[in-house]
Structure formats: C-alpha cells, structure tokens
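Please keep the sequence and the structure in view while reading.

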Amino acid sequence: MDQEQLGRRERDILALERRGFPGPGAKERAIREELGLAPVRYYQLLNALLDDPRALAHDPVTVNRLRRVREARRAER
C-alpha cells in the first residue's frame with residue numbers, strides 16, 4: 001500500500017467528530033482531555049484534515065458531512 005495512512009492524532013480527531021456531545025462545553029472538554037489539544041488548534045487541524053484525501057479515504061461519511069457544514073458556514077458570510 002503506497003498511500004500514506006493517517007497518523008494516530010488525525011484518526012483520533014475524526015473519531016471525536018463522529019461522536020455526539022451532550023451539551024455545551026462537552027466537546028471542548030473532550031478535545032482537551034482526550035487529545036491534549038487546545039480547541040483552537042484542534043479546529044485548525046480538523047480544517048486541514050477536511051482537505052486531505054487520506055482523511056476522505058479513511059472516513060468519507062464524516063469528512064463529507066463536515067465539508068458540507070464548512071461550506072454552509074462560508075456561504076453565510
């Protein structure tokens with residue numbers, strides 16, 4: 001397999017995005033506690049992942065959903 005795979009952190013970010021969170025602040029808490037990242041950094045990494053073909057190959061449902069959300073937000077501006 002010559003296509004480079006996603007790293008552990010990238011896979012963990014996509015896994016976290018697949019989950020639902022019960023209330024405000026729960027996702028940010030999970031980002032800090034489980035990934036050891038500041039939320040701002042997490043969203044920077046996530047945004048870059050959405051443009052990564054390896055992420056699309058790894059989890060097309062999540063990546064495509066997040067791309068649609070991102071495009072909708074851009075369209076509102």
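The following paragraphs treat helix packing and then two individual residues.

The model is a predicted one. Two packed helices are described by the angle between their axes and the distance between the axes. Two helix pairs are set out below.

| Helix pair | Axis distance | Crossing angle |
|---|---|---|
| H3 and H5 | within 10 Å | roughly 105° |
| H1 and H5 | within 10 Å | roughly 70° |

**Helix H3 with helix H5**

Helix H3 comprises residues 39-50, and helix H5 comprises residues 60-76. Their axes cross at roughly 105°, and H3 and H5 are therefore roughly perpendicular to each other. On the side of H3, the contact is formed by Leu46, Asn47 and Leu50. H5 contributes Val63, Leu66, Arg67, Arg70 and Arg74. Sorted by class, this contact contains four nonpolar residues, one polar residue and three charged residues.

**Helix H1 with helix H5**

For H1 and H5 the crossing angle is roughly 70°, which makes H1 roughly perpendicular to H5. Leu14, Glu17 and Arg18 of H1 meet Thr62, Val63, Arg65 and Leu66 of H5. Three residues of the contact are nonpolar, one is polar and three are charged.

**The buried side of helix H1**

Which residues of helix H1 (residues 8-18) are buried? They are Ile13, Leu14, Leu16 and Glu17. These residues lie on the same side of H1, because they cover an arc of only 160° around the axis. The partners against which the buried residues of H1 pack are helix H2 (26-35), H3, helix H4 (53-58) and H5.

**Ala30 in helix H2**

Ala30 is located in helix H2. Its relative accessibility is 5%, and Ala30 therefore counts as buried, since buried means under 20%. Not counting residues up to four places away in sequence, Ala30 touches Leu16, Arg19, Phe21 and Leu35. Gln5 is 25 residues apart from Ala30 along the chain, and the C-alpha atoms of Gln5 and Ala30 are separated by 24 Å.

**Asp52 between helices H3 and H4**

Is Asp52, at 14% relative accessibility, buried or exposed? Because the value is 14%, Asp52 counts as buried. Asp52 belongs to the loop between H3 and H4. The side chain of Asp52 is joined to the side chain of Arg54 by a polar contact of 2.7 Å.

Conventions
Residues numbered from 1 in each chain as written. Predicted model: local features only at pLDDT ≥ 70, side-chain atom pairs only at ≥ 80, totals over all residues. Heavy atoms only, no water. Axes fitted to C-alpha atoms, helices over the stretch in contact; angles between N-to-C directions. Helix = DSSP H or I, 4+ residues; strand = E, 2+ residues; numbered from the N terminus. Parallel < 35°, antiparallel > 145°, perpendicular 65-115°, else oblique. Contact = heavy atoms within 4.5 Å. Nonpolar A, V, L, I, M, F, W, Y, C, P; charged D, E, K, R; others polar. Buried < 20%, exposed > 50% of the residue type's maximum accessible area, 1.4 Å probe, protein only. Arc of directions from axis to C-beta. Polar contact = N/O pair within 3.5 Å; in protein donor to acceptor, adjacent residues only side chain to side chain.
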